[in-house]
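Have a look at the chain alongside me before reading on.

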Amino acid sequence: MPYVTAADGAEIFYKDWGQGRPVVLSHGWPLSSDSWEAQQLYLATHGFRVIAHDRRGHGRSTQTWHGNEMNTYADDLATLIDTLDLRDVTLIGFSTGGGEVARYVGRHGTGRIAQLVLVSAVPPFMLRTEDNPGGVPIEVFDGIRAGSLADRSQLYRDLADGPFFGNNRPGAEVSQGARDAFWRQGLQAGHRNAYECVAAFSATDFRPDLDAFDVPTLVIHGDDDQVVPFDVGGKASAARVKNATLKVYAGAPHGITDTHKDQLNADLLDFLNS
């Protein structure tokens with residue numbers, strides 16, 4: 001299996017499909033590159049080289065004790081892009097991966113980047129603070145941490161069976177297979193890695209990173225996202241990034257890479273070809 005080696009020796013797993021202009025995908029918490037399979041297969045069959053990595057501590061990458069924060073995640077992403085010598089990249093981040101993408105731009109710039117996409121992403125800043133009064137209360141994230149310590153397998157079941165895919169909404173039909181895939185990927189992550197990543201995605205302020213976006217940017221978000229509320233995430237990011245394009249999926253939940261994969265695939269392909 002292919003890996004790149006981070007500065008501290010961590011091995012970062014990646015999947016490299018197709019040929020053409022490169023697209024790099026950053027996944028959400030507590031998942032792995034497997035969560036991007038629908039998009040990776042679709043875009044690779046439409047003339048792109050599509051690369052998806054497992055964030056450190058997740059999937060098949062090294063379960064490091066330290067480095068479970070956005071600066072290191074972004075530096076690992078830079079290692080992947082630099083090692084493979086990728087240029088003219090479309091960089092796409094889902095949920096926590098959107099934070100990783102934003103911090104990459106903030107730390108490494110857009111010299112190798114042609115386009116940026118945020119999908120159900122955590123920027124600009126999830127946590128409610130004095131200067132971010134519309135954010136999510138810390139008690140929500142404390143509850144996730146408590147659930148992780150108490151029984152993280154059940155926590156992942158509850159997320160998959162409920163808010164992540166919107167399966168707690170009337171009339172929702174999310175397959176058992178999709179929900180099981182979320183649970184399986186979550187349990188592949190290291191316990192400490194997944195626990196510390198909660199702070200990484202919730203308490204990191206990405207507003208300065210978004211201010212550094214200077215290439216065409218697409219923001220996609222469901223307006224019934226119960227994990228990263230639309231007003232906190234996509235709406236606020238699109239308002240902050242200069243000349244960003246916002247696509248709102250009416251009634252859509254957080255996990256649109258699965259629930260709205262055909263619509264998302266088409267929108268990503270249109271943006272890539274724009």
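Which residue caps the N-terminal end of α2? I looked it up, and the cap is glutamate 69. A side-chain oxygen of this glutamate sits 3.0 Å from the backbone nitrogen of asparagine 71. A reminder to myself: this is a predicted model, and every distance I note is computed from it.

**Entry: helix α2**

I stayed with α2 and checked its length. The helix covers residues 70-83, and at 1.5 Å a residue its 14 residues should span 20 Å. I found its end C-alpha atoms 20 Å apart, which agrees.

Next I asked how many of the residues of α2 are buried. The count is 10 of the 14, so the helix is largely enclosed by the rest of the structure. I wrote down the buried ones: Met70, Thr72, Tyr73, Ala74, Asp76, Leu77, Ala78, Thr79, Leu80 and Ile81. An α-helix has 3.6 residues a turn, so residues three or four places apart point the same way.

Beyond the helix I came to aspartate 85, which follows α2 and has a positive phi, near 50°.

I moved on to aspartate 88, in the loop between α2 and β5 (89-94). Is it buried, exposed or in between? Aspartate 88 is partly exposed, with a relative accessible area of 43%. Setting aside neighbours within four places in sequence, I found aspartate 88 in contact with Arg21, Pro22, Arg112 and Ala114. I also took its distance to alanine 212, 124 residues away along the chain: their C-alpha atoms are separated by 17 Å.

**Entry: the whole protein**

I stepped back to see the overall fold. I counted 10 helices and 8 strands in the protein. Its radius of gyration is 17 Å, close to the 19 Å that the globule rule gives for 274 residues, so the protein is as compact as a globular protein of that length. Along the principal axes, its C-alpha atoms fill a box of roughly 40 × 40 × 40 Å.

How much of the protein counts as buried? I noted 57% of the 274 residues. The protein exposes about 10,700 Å², and carbon and sulfur atoms supply 50% of that area. For contacts with a separation of 6 or more, I saw that 77% come from residues 24 or more positions apart.

**Entry: aromatic pairs**

I then went through the rings and came to 9 aromatic pairs. In one of them, the rings of phenylalanine 141 and phenylalanine 201 have their centres 6.2 Å apart and their planes at 75°, so I logged the pair as edge-to-face. This pair links distant parts of the chain, with phenylalanine 141 in helix α4 (residues 138-161) and phenylalanine 201 in helix α6 (residues 191-202), 60 residues apart. Phenylalanine 141 is buried at 3% relative accessible area, and phenylalanine 201 is buried at 7%.

Another entry is the pair of phenylalanine 165 and phenylalanine 182: the ring centres are 6.3 Å apart and the planes at 75°, so this pair is edge-to-face. Phenylalanine 165 lies in the loop between α4 and α5 (176-188) and phenylalanine 182 in helix α5, so the pair ties together parts that are 17 residues apart in sequence. Both phenylalanine 165 and phenylalanine 182 are buried. I also noted that they belong to one aromatic cluster with Trp36, Phe94 and Phe164.

**Entry: histidine 221**

Where is histidine 221? I found histidine 221 in strand β7 (residues 217-222). At 0% relative accessibility, histidine 221 counts as buried. Its side chain makes a polar contact of 3.2 Å with the side chain of aspartate 225. Not counting residues up to four places away in sequence, histidine 221 touches several others, including Ser120, Ala121, Phe230, Lys247 and Tyr249.

**Entry: aspartate 8**

My next stop was aspartate 8, in the loop between β1 (3-5) and β2 (11-17). A polar atom of its side chain lies 3.1 Å from the backbone nitrogen of alanine 10. Leaving aside neighbours within four places in sequence, aspartate 8 is in contact with Arg56 and Thr64.

**Entry: helix α10**

I closed with α10, residues 261-272. Its 12 residues should span 16 Å at 1.5 Å a residue, and the end C-alpha atoms are 16 Å apart, which agrees. Among its buried residues I listed Leu264, Leu268, Phe271 and Leu272.

Technical notes: Residues numbered from 1 in each chain as written. Predicted model: local features only at pLDDT ≥ 70, side-chain atom pairs only at ≥ 80, totals over all residues. Heavy atoms only, no water. Helix = DSSP H or I, 4+ residues; strand = E, 2+ residues; numbered from the N terminus. Expected span 1.5 Å × (residues − 1). Buried < 20%, exposed > 50% of the residue type's maximum accessible area, 1.4 Å probe, protein only. Polar contact = N/O pair within 3.5 Å; in protein donor to acceptor, adjacent residues only side chain to side chain. Rg over C-alpha atoms; globule rule 2.2 N^0.38 Å. Contact = heavy atoms within 4.5 Å. Areas by Shrake-Rupley, 256 points an atom, 1.4 Å probe, with all protein chains shown as cover. Phe/Tyr/Trp six-rings, centres within 6.5 Å; stacked < 30°, edge-to-face > 60°.
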